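Open the model in your viewer and keep the selection panel at hand. This tour goes from the ligands to the domains.

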Amino acid sequence: MTGKPFFFDLNIADLKEQFKVLNEPPFRAQQLWQAMYVQLEHDAQQITTLSKSLRTKLHESMEFSHLTPIDRLVSSDGETVKTLFRLPDGLSIEAVLMHYDERDTLCISSQAGCAMGCVFCATGQMGFKRNLSSGEIVEQVIYYARELAKENKVVTNIVIMGMGEPFHNYDAVMSAIDRLNDPRGLNLGARRFTISTVGIVPAIRQFASEKRQVNLAISLHAANDALRSMLLPINRRYPLEDLMQACREYVSLTNRRVSFEWALIQGVNDSPTDARELASLIKGLLCHVNIIPLNPTIEYEGKPTTRENAEVFKGILESSGIPCTIRLRRGIDIRAGCGQLASKHQ
Ligand code: SAH
Ligand code: SF4
């Protein structure tokens, strides 16, 4: 990194400050903003509404990209595209675009690696490298927005479910969402975002108190502390009772439904008893359960559940009045699971 400001790290007020330093009027900052976020230009050099001297000045005084795509995989059905990006310090992160039912949902990373150590997760297995800056989060979206624009399409939904724990990089994630929200730019409505957390209780409380319209997903995977602590070590710090209390507070403060993620692992958490235990844990809460057959990773011996077990599991939840969707793992053939491409490259 060069120490120069990175364009995507800045909000419009910051950008106007930069322009002041360059002795340029604030409306020029707006022109640059519009060119980058609406016309999706790559660099000041291309922006012909700015004078040649200003273009050169900007090009020399700011950075316009931190992400270099170094690998790209397309699933066999063509509906999932995964890109591995290299960061300026040589670390890599990934983002995955999934086309499904008219929607183009983008799954983005919030950290390089992750400190949470969930046993079945490829990102957890590689350990924590560093937090992404807000601009590095934003640029993942911009990259795909440019790709989709070539087909006259746009990113419709964003899930912060790629590498990393978003609530361990809270401020950068929220400021990235604010920037992507901005009506003068990509104008992606808050309701189009989903943040997935492993269950950092104080951050869930803070998020609830901010009453954002952003959706919240909690990675649950087990409905008793013994099993959950084995799969997700953070459960020792924030056990289920505290986590469920924070979820109830979230629902009552925001009136929004919370989603629970459950990766079905054969013989570990996929039995009818597990389903009944889950049903009794979350009964009465405004919620939805997403069940996903485990995506196998190198360092974890667990296997995905069978289709039949997944159906039985779903049936038990539904008969308790809990809405549930089976999400088939998309793009398994391209290692679209969390962190799997980056760990291959390391
Ligand atoms: N750190 C956040 C978001 C990134 S992980 C979180 O844990 O919620 C996104 C989701 O993928 C989480 O629900 C996580 O538990 C799940 N996941 C990770 N590895 C997986 C695997 N091998 N198979 C299925 N789901 C996995
Ligand atoms: Fe981190 Fe989420 Fe992976 Fe756990 S599942 S290690 S919290 S990225």
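How far is an oxygen atom of ligand 1 from an N or O atom in the side chain of S196? Select both: the distance is 2.6 Å. That pair is a polar contact (N or O atoms within 3.5 Å; within protein, one must be able to donate a hydrogen and the other to accept it, and residues adjacent in sequence count only if both atoms are side-chain atoms).

Before moving on, note that this is a predicted model: local features need pLDDT of at least 70, side-chain atom pairs count only at pLDDT 80 or more, and totals for chains, interfaces and linings use all residues. Residues are numbered from 1 along each chain as its sequence is written, chains are lettered from A and ligands numbered from 1 in the order written, and side-chain values use heavy atoms, without hydrogens and water.

**Ligand 1**

One of its polar side-chain atoms lies 2.6 Å from an oxygen atom of ligand 1. Next, take N295: a polar backbone atom there is 2.8 Å from a nitrogen atom of ligand 1. Taken alone, ligand 1 exposes 530 Å² (Shrake-Rupley method, 1.4 Å probe). The protein buries 93% of that.

Now show the whole shell. It holds 19 residues, each with a heavy atom within 4 Å of the ligand. G164, S196, S219, H221 and N295 are the closest.

**Ligand 2**

Move to ligand 2. Select C114, M116, G117, C118, C121, G124, G164, E165 and V198, the residues around it.

**The two domains**

Color 7–61 as domain 1 and 68–345 as domain 2; these bounds come from an automatic or database domain assignment. Their C-alpha centres lie 34 Å apart. At the interface, 12 residues of domain 1 are in contact with 15 of domain 2 (heavy atoms within 4.5 Å).

Finish with F8, Y37 and L40. These supply 50% of the area that domain 1 buries against domain 2 (accessible area, 1.4 Å probe, lost on being put together, summed over both parts).

Terms used:
Buried area is the accessible area (1.4 Å probe) that two parts lose on being put together, summed over both.
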